[in-house]
Amino acid sequence: MHIPAKYYERVPKFYLIVGLLLLGNSLYDGLNNTAAYAHFFFGMMSIIYAVSVQRARLKHRQNPPAENNQQSPSESQS
């Protein structure tokens with residue numbers, strides 16, 4: 001499935017903002033109930049996901065694939 005570049009590039013930022021909002025909501029509630037703990041957990045997971053996607057994209061863009069990449073016979077058969 002093809003996602004337009006303007007949306008594809010914004011995905012980590014969206015998850016970061018959602019994570020920050022969830023963390024803010026959990027801190028505002030004061031971690032007094034189960035919902036606040038759920039907001040805290042999912043906020044942290046969202047932030048971790050955003051950072052990991054951004055780092056993976058940066059790493060991939062810094063190491064472009066070789067242009068004359070020759071496959072071995074065993075790789076071409078699979």
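These notebook entries record what I looked up in the structure.

**Entry 1. Ground rules**

I noted that the model is predicted, that local features need pLDDT of at least 70, that side-chain atom pairs count only at pLDDT 80 or more, and that totals for chains, interfaces and linings use all residues. Residues are numbered from 1 along each chain as its sequence is written, and side-chain values use heavy atoms, with hydrogens and water left out.

**Entry 2. The chain as a whole**

I looked up the secondary structure and found four helices and zero strands. Read from the N terminus, the order of elements is α-α-α-α. Helices here are DSSP runs of H or I with at least four residues, strands are runs of E with at least two, and both are numbered from the N terminus.

I then turned to burial. Of the 78 residues in the chain, 14% are buried. I wrote down the cut-offs: buried means under 20% relative accessible area, exposed means over 50%, and partly exposed lies in between, with a 1.4 Å probe and protein chains only. The chain exposes about 6800 Å², and carbon and sulfur atoms supply 61% of that area. Such areas come from the Shrake-Rupley method with a 1.4 Å probe, and for residues only the protein chains shown count as cover.

For contacts, meaning heavy atoms within 4.5 Å, I considered those between residues at least 6 apart in sequence. Of these, 58% join residues at least 24 apart.

**Entry 3. Helix α3**

I checked the length of α3 against expectation. The expected span of a helix is 1.5 Å times one less than its number of residues. For the 29 residues of α3 this gives 42 Å, and the end C-alpha atoms are 42 Å apart, so the two values agree.

Which residues of α3 are buried? I listed A36, G43, S46, I47, A50, V53 and R57. Their cover includes α1 and α2.

I took S46 as an example from this helix. Its relative accessible area is 9%, and therefore S46 is buried. Leaving out residues up to four places away in sequence, S46 touches Y15, V18 and G19.

R55 is also in helix α3, but R55 counts as exposed because its relative accessibility is 62%. I recorded that R55 and P12 are 43 residues apart in sequence, while their C-alpha atoms are 10.0 Å apart in space.

**Entry 4. The salt bridge**

How many salt bridges does the structure hold? I found one. The term requires a side-chain nitrogen of Lys or Arg within 4 Å of a carboxyl oxygen of Asp or Glu. The partners are E9 and R61, with their closest N and O atoms 2.6 Å apart. This pair links distant parts of the chain: E9 sits in the loop between α1 (5–8) and α2 (11–29), and R61 in helix α3, 52 residues apart.

E9 is partly exposed at 33% relative accessibility, and R61 is partly exposed at 47%.

**Entry 5. Aromatic rings**

The structure holds three aromatic pairs. One of them is F14 with Y15, an edge-to-face pair at 5.7 Å centre to centre and 70 degrees between the planes. Another edge-to-face pair is Y15 with Y49, at 5.0 Å and 75 degrees. Because Y15 lies in helix α2 and Y49 in helix α3, this pair ties together parts that are 34 residues apart in sequence. Rings of Phe, Tyr and Trp (its six-membered ring) pair if their centres lie within 6.5 Å; planes under 30 degrees apart are stacked, over 60 edge-to-face, and the rest tilted.

F14, Y15 and Y49 form one aromatic cluster.

**Entry 6. A nonpolar patch**

Finally, I examined the surface. F40, F41, F42, M44, M45 and I48 form a nonpolar patch with about 580 Å² of accessible area together. Patch residues have over 30% relative accessible area and no salt bridge; like charges are joined within 9 Å, and nonpolar side chains (Val, Leu, Ile, Met, Phe, Trp, Tyr) within 5 Å. M45 belongs to helix α3 (residues 34–62) and is partly exposed at 40% relative accessibility.

L27 and F40 are 13 residues apart in sequence and 7.9 Å apart in space, C-alpha to C-alpha.
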